[in-house]
Amino acid sequence: MNITFCCTDIKAEPWLAGLRMALPHAHVAEWQPGAPQADHAVVWSPPQQFLDEQPGLKGLFNIGAGVDALLKLRLPPHTKVVRVDDAGMSVQMAEYVCHAMIRHFREFDGYEADMAQGRWSYRKPRARADFPIGVMGLGVLGERVARSLVQFDFPVHGWSRTPKTVHGVTCHAGPAAFDSFLASCRVLVNLLPLTPETRDILNRNTLSRLRPGGYLINVARGAHLVDEDLLALLDSGHLAGATLDVFRTEPLPASHGFWNHPKITVTPHTSARTLREESIAQITGKILALERGDPIAGVVDATRGY
C-alpha cells in the first residue's frame, strides 16, 4: 500500500514518521511531481497538479475539519474525500468559545481596560437568562460547543441544515427556522461549514436579527462574514462586540479595520488546531478500514460541501 503526503506549509517529517509507525507495512512518502500513483493521500491545500497526477486515489484525507479549499479543486471522480472528525479539535473549540462567551458576559474585557488604567472598578452582575446563545452548525464541533455552553447555565439554541437533537439545547433546523433562531439569540457562534449557501451568511440582515446588544463569535471561516456589515452594526450600537478567529485574508492585513476596533477581539486562527498524533491515529484507522471494505465516518458529500 502506498501513502503520499502533500500538505502545504506543514513540516512533513513528523507526519511521515507517525504515518510510518502506524502503518509499518505501507510505503509512505512526501509527494513530489511525477511520483508514482498512491493508494491514499494525506493532504492540506494540495496543488491541482497533485490531484491531476493521482487519479487513482481511493482516499483523500484532509487533515482539518474544513474542506472548502479542497472542494474548489478538480478532484479525481472516484476518490473518497475524508475530513478529520474531531482528533482533539472539539475540546479546543469548546474551550475557545466558552472563554470568549464568559469574557464577554462577565465583562472581563472591561475589567482589563480598567486595570490597565489603574482603576479599581465594579460591574453589576448580569443574568444568564438575558444572554441566550445560538450555535450555527451542530456537527461534531458545534455539538461539543453547544453542550459545553449548557454547563454554564446559559440558554442555548442550535441551528443546523437538518434536524438534530442535543440534550439541553433548543434545536432549530432548515431555512424556515433560521430567522426565529436568530431572533431568539443575543450571542451568535458560527461553526457552519463554508459552502456557496453559507458564504456571506453573517451579514447586516442576519446580524440585525439578533437581540439588541448582540455579540458574534466566528470560529468557522472568514468568508462567512461580511466585514463591512459587522463594523457598521458595531458602530451603530446594535452589536456590543465580536470575537473573531478567522478572516477572509489570513494573516489579517495590518490595515484592516478589525485590528484596532475597540469592540473586536482578534485571534490568529487558533481556536482549534490540528493535533498530529490524534489525527494520524484517526486517518490510519480509516485507511485500514477502507482497505478492508468497511464504512468510515467523515466522508464528504461534495454536493453539500461537507
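Trainee: Where is Gly-237 placed?
Mentor: In the loop between H9 and S11. Keep in mind that this is a predicted model.

Trainee: Is Gly-237 buried, partly exposed or exposed?
Mentor: Partly exposed, because its relative accessible area is 43% and that class runs between 20% and 50%.

Trainee: How far apart are the C-alpha atoms of Gly-237 and Gly-214?
Mentor: They are separated by 9.2 Å. Along the chain the two residues are 23 apart.

Trainee: What does helix H9 lie across?
Mentor: H9 covers residues 227–236 and lies across S10, S11 and S12. Its direction is at about 140 degrees to S11, which is residues 239–244.

Trainee: On to the sheet, then. What is the strand order?
Mentor: S8-S7-S6-S9-S10-S11-S12. That is an open sheet of seven strands with parallel pairing.

Trainee: Which strands are at the edges?
Mentor: S8, residues 170–173, and S12, residues 264–266. Each of them pairs on one side only. From one strand to the next, the twist averages 15 degrees.

Trainee: Which helix packs on the sheet by touching S6 and S7?
Mentor: H6, residues 140–150. Its direction makes about 170 degrees with that of S6.

Trainee: How many bridges join S9 to S10?
Mentor: Four. S9 spans residues 187–190, S10 spans residues 214–218, and the two run parallel.

Trainee: Now the packing. How many residues are in the largest nonpolar core?
Mentor: It has 30. Val-97, Met-101, Val-135, Leu-149 and Ile-217 have the most contacts inside it.

Trainee: Which element supplies the largest share of that core?
Mentor: H4, with eight residues. H4 is residues 89–105. S6, H6, S9 and S10 also supply at least two residues each.

Trainee: What does Val-97 touch?
Mentor: Val-145, Leu-149, Val-189, Ile-217 and Val-219, leaving out residues up to four places away in sequence.

Trainee: And what does the second, separate core include?
Mentor: Among its 25 residues are Met-136, Leu-188, Leu-192 and Leu-252.

Trainee: Switching to H1. Which of its residues are buried?
Mentor: In H1, residues 12–22, they are Ala-12, Trp-15, Leu-16, Gly-18 and Leu-19. They cover an arc of only 165 degrees around the axis, so they sit on the same side of H1.

Trainee: What covers those buried residues?
Mentor: The cover includes S1, S2, S3 and H10.

Trainee: Take Ser-279 in H10, residues 276–292. Is Ser-279 buried or exposed?
Mentor: Buried, because its relative accessibility is 0%. Setting aside neighbours within four places in sequence, Ser-279 contacts Trp-15, Ile-63, Val-84, Ala-87 and Thr-274. Trp-15 is one of the buried residues of H1.

Trainee: What about Leu-71, where is that placed?
Mentor: In helix H3, residues 68–71. At 24% relative accessibility, Leu-71 counts as partly exposed.

Trainee: What is Leu-71 in contact with, beyond its neighbours within four places in sequence?
Mentor: Val-300, Ala-302 and Gly-305.

Trainee: Last one. What does UniProt list for residues 100–271?
Mentor: An unreviewed entry there gives "domain: D-isomer specific 2-hydroxyacid dehydrogenase NAD-binding". In the model, the span is 27% helix and 18% strand. Its end C-alpha atoms lie 10 Å apart.

Methods: Residues numbered from 1 in each chain as written. Predicted model: local features only at pLDDT ≥ 70, side-chain atom pairs only at ≥ 80, totals over all residues. Heavy atoms only, no water. Pairing = 2+ DSSP bridges. Axes fitted to C-alpha atoms, helices over the stretch in contact; angles between N-to-C directions. Contact = heavy atoms within 4.5 Å. Buried < 20%, exposed > 50% of the residue type's maximum accessible area, 1.4 Å probe, protein only. Arc of directions from axis to C-beta. Core = buried A, V, L, I, M, F, W, Y, C linked by side-chain atoms within 4.5 Å. UniProt positions renumbered as here; feature names shortened; annotations may be inferred.
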